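Here's a friendly walk through a protein model. Keep the 3D view open and follow along as you read.

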Amino acid sequence: MGPPRSKKRRPTFRRLLKTSGVKLENKLKNRQLKQQNVAKKQRKEQKKLRQAVKDAAIRTPRPLETYRKRPEEEEEEEEFLESLPTDMMEDDDLRQMTDMARKASFITRDLSSCAPIHSTKKRKSEVIRSYEKVPRKMAKTEEKEVIHLLPIKDKSGVIPQSVERVIQQKEEEEPEEEGEEPEEAEDEGASESADHLTPAQREQRRVQKIQERKTTIATLGSAIICDPVNNIKRLKELRGMLMESDPAVAVTVRKLVMVSLMEIFKDIAPTYKIRPLTSEEKAAKVRKETQQLREFEESLVSQYKFYLEDLEQTIKDWKQQKKKRSQAVGFDSYRGLAEVAIRCLCELLLALPHFNFHNNIIVALVPLMNDPVRQVSDMCCDAFRKLFQQDKVGGAALASVRVVSGLVKSLNYNIRPEVLRTLLSLRIKEVHMKKDLEDTAPKKKFMNNKEKKKNLSRMQRKWKKAEEKLEKELLEAEASESKDKKIQLHTQTLNIVFLIYFRILKKAQKSVLLPAVLEGLANFAHLINLEFFDDLLNVLQNLIQSGDLTNQESLHCIQTVFIILSGQGDVLNVDPLKFYSQLYQMLPRLHAGAPNDDISIVLRCLDAMLTRRRKQVTLQRAMAFMKRLSVLSLHTLPNASVGLLAANRAALHAFPKCDFLLDNEVQGSGFYLPELDEPEHCNAQNTALWELHLLQRHFHPVVRRFAVHLSRGAPSEGSGALGVELSRRTPVELFDDYSVKDMTFNPPVATPTSKKKEYFTVGATLLDDELQKQVEKALNEEEAELDFTKTQTPIT
């Protein structure tokens, strides 16, 4: 028989699969830690050995301590020493005794110390530390005017050094005073020379100084941009120019430095947020390149913070009208400096939404949206409007809306409507709705253990586990923002926006903010949860019936109601007949004046009330609206007429039986009552759209085309059909395209042809030859100059 078989078997592939990768990593880490600990102990022992050898080489015996004795003892000791036979001793014996005394450790010990005999020797650092504890000035040395110098250290220890000062107080003060006089004289001379300069020379000197400062700013800026890592310290020099003290150029230089620093930070700022390092990261050893990058990021963040503080302080000085920094800038120039600082903050708000201190910029700019200065307020509102439009994820928008909500509440709703109108630019299209529990339950992405055991084999479970692990790692490593996070941020933002709107509807219904609130509700009405629908509809209905609203505000209320009912509110059992009557009653109030701008809201309301709700609208109501819209198109601007006719075309396609209005025949009994405000009972079926014949002679070509198109029944094909550029546009788009706000006519008006004939053609000659000759003679002759000085002879 052969040798006994080893009981250990080689691990199979399945057993290796069972082995967790975490155990292998832990074993490797433990082995590395043991090696590091052993190496660390060895380094400590070698360090102790080197220190002991060094101390033994430096060790020197300390001198014997001397004690003060009484005068009597000193005299007796001197007499004893004099009586000794010193001439009997040789020099070699004295030298040997001295060396032996130095080697005696028990004699050289410091007897005044309370340390034990076998205590370790003090180190050098303790000697230096004890010397540092000694006060530098004593009561006695102050009288002698002693100057303490740096100490000297030798084998015996630390030896203090000092020098007595020669008292020459009067003589020293005189040169200082004399040294100050020339500077004052120079300043007086410069001021006197500046006073004697002419205005042209002063302006020339000012231009020269500004040019020098520009050159300096350009040099520093180009150096920073070319190599930001190595020249980051130049930012401090450039930021120091914000404290320009020359009154002649202080305002201009500070403005130039603000704008230059803003552009530099936009260029050199990274595309990520710099976080502060932890204590462990600071203590860890890193490569030289990594350390250099850390220093650059730390300097960049600190300089950026100081720069933002300077801008904010400039704005505060302008608001508080306080002259804090220097006397170089007057009160009149504060507003110009503050406007430049605000513009820089707005640019940084848009350019660096991902960088540090972005929330601080938002907090500084949001109160300025309500500033009484119109230019400042419009600048900040435009900046936040652009921020909302370009914010794809929603983080910056959420932070801004939170600050706006706090501002509205703190000022007790006394803010400008433009502040709330900026919220209309929010890019919110999808939010989390409160639906049934089945819809809100999280979807199962991975299988449970029970499901795996039931449906999969052993090998399939192992491969499934590895696959799920890999998918989780891929999801964690994904750098792009997930859709769930985006929707979550949008939901939080919209909740705060609705909180602002509902507070104003509840507490400040007569405020100037009500139009902006109603416009915002109309814009985001499709995202409101069902639980708020009943209360909101009641509030809007009460507002319309109160009669305190303008046409635009009432239209916004109606638009909000029908957007809600056309979305999730279709499940509600609400009869919106009153809102149809309100809109039908408001149409005749619109005309070519200021209410012409409200027609865009009317077109949106008609789209939600007639086209989208075609199944809930009766034929009588649709015909009444078509008749009143065609009457309204006679006394509005061209773009409004085009939009109203396009709305009639959409209604005719949604309700084909409305073509009764294109015929002269009467349908049913009764007469049309145009003054009645109830669309159901005005008998619109007994009238015709005779306004289309007048509109076919309109001066605008597009109005004429729509009128001809409707009079033929709005066909989709044939000679009466519209072109693609008109048929595929919505009424609101047509209203905006043919607008005359910019004093332009679309399409442009052709120049009229001249009817005057410069010469007669052959066919235009007269039949009488003599008369023709006289006409040609009169046309060819030059006008003779009339002489009024001559008197005419009377005709007898």
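## The big picture

First things first: this is a predicted model. The protein has 34 helices and two strands. Of its 796 residues, 32% are buried.

How about contacts along the chain? Take the contacts between residues at least 6 apart in sequence: 69% of them join residues at least 24 apart.

## Helices α13 and α14

Let's start with a pair of helices. Helix α13 covers residues 288-320 and helix α14 covers residues 334-351; their axes are 8 Å apart and the packing angle is about 140 degrees. The crossing of α13 past α14 is left-handed.

Who does the touching? On the α13 side, the contact is made by Tyr304, Tyr307, Leu308, Leu311, Thr314, Ile315, Asp317 and Trp318. On the α14 side, the residues include Tyr334, Arg335, Leu337, Ala338, Ala341 and Ile342. Sorted by type, the residues of this contact come out as 14 nonpolar, one polar and two charged.

## The largest nonpolar core

Now for the inside. The largest nonpolar core has 163 residues, and the ones with the most contacts inside it are Tyr307, Ile342, Leu365 and Leu420. Helix α14 supplies the largest share of this core, with 11 residues.

## Helices α25 and α27

Here's a second pair to look at. The axes of helix α25 (residues 551-566) and helix α27 come within 9 Å and cross at roughly 25 degrees. An angle under 35 degrees counts as roughly parallel, so α25 is roughly parallel to α27. Here, too, the crossing is left-handed.

From α25, the contact uses Gln552, Leu555, His556, Ile558, Gln559 and Phe562. From α27, it uses Ile601, Val602, Arg604, Cys605, Ala608 and Met609. By type, the residues of this contact divide into eight nonpolar, three polar and one charged.

## A buried asparagine in a loop

Stay in this part of the sequence for a moment. Asn596 sits in the loop between α26 (577-586) and α27 (599-611). Is Asn596 buried or exposed? Its relative accessibility is 3%, so Asn596 counts as buried; the cut-off for buried is under 20%.

Leaving out neighbours within four places in sequence, Asn596 is in contact with His591, Thr636, Leu637, Asn639, Ala640 and Phe735.

## Two loop residues with positive phi

Next, a backbone detail. Phe357 is not a glycine, yet its phi is positive, at about 60 degrees. You'll find Phe357 in the loop between α14 and α15 (358-365). Its relative accessibility is 23%, so Phe357 counts as partly exposed.

Asn683 is another residue other than glycine with a positive phi, this time near 55 degrees. Asn683 lies in the loop between α29 (638-654) and α30 (691-695). With a relative accessible area of 22%, Asn683 is partly exposed.

Finish with helix α10, which runs over residues 234-240 and holds Arg234. Arg234 counts as partly exposed, because its relative accessibility is 31%. How many residues separate Arg234 and Ala223 in sequence? They are 11 residues apart, and 7.9 Å apart in space from C-alpha to C-alpha. Neighbours within four places aside, Arg234 is in contact with Leu220, Ala223 and Ile224.

Lys236 is in helix α10 as well. Lys236 has a relative accessible area of 55%, so it is exposed. Lys236 and Phe306 are 70 residues apart along the chain, and their C-alpha atoms are separated by 9.4 Å.

Conventions:
Residues are numbered from 1 along each chain as its sequence is written. This is a predicted model: local features need pLDDT of at least 70, side-chain atom pairs count only at pLDDT 80 or more; totals for chains, interfaces and linings use all residues. Side-chain values use heavy atoms; hydrogens and water are left out. Axes are lines fitted to C-alpha atoms, for helices over the stretch in contact, and angles run from 0 to 180 degrees between N-to-C directions. Helices (H or I, at least four residues) and strands (E, at least two) are DSSP runs, numbered from the N terminus. A crossing is left-handed if the near helix is turned anticlockwise from the far one by less than a right angle, and right-handed if clockwise. Contact means heavy atoms within 4.5 Å. Ala, Val, Leu, Ile, Met, Phe, Trp, Tyr, Cys and Pro count as nonpolar, Asp, Glu, Lys and Arg as charged, and the others, Gly among them, as polar. Buried means under 20% relative accessible area, exposed over 50%, partly exposed in between (1.4 Å probe, protein chains only). A nonpolar core is a set of buried Ala, Val, Leu, Ile, Met, Phe, Trp, Tyr and Cys residues joined through side-chain atoms within 4.5 Å. Angles under 35 degrees count as roughly parallel, over 145 as roughly antiparallel, 65 to 115 as roughly perpendicular and the rest as oblique.
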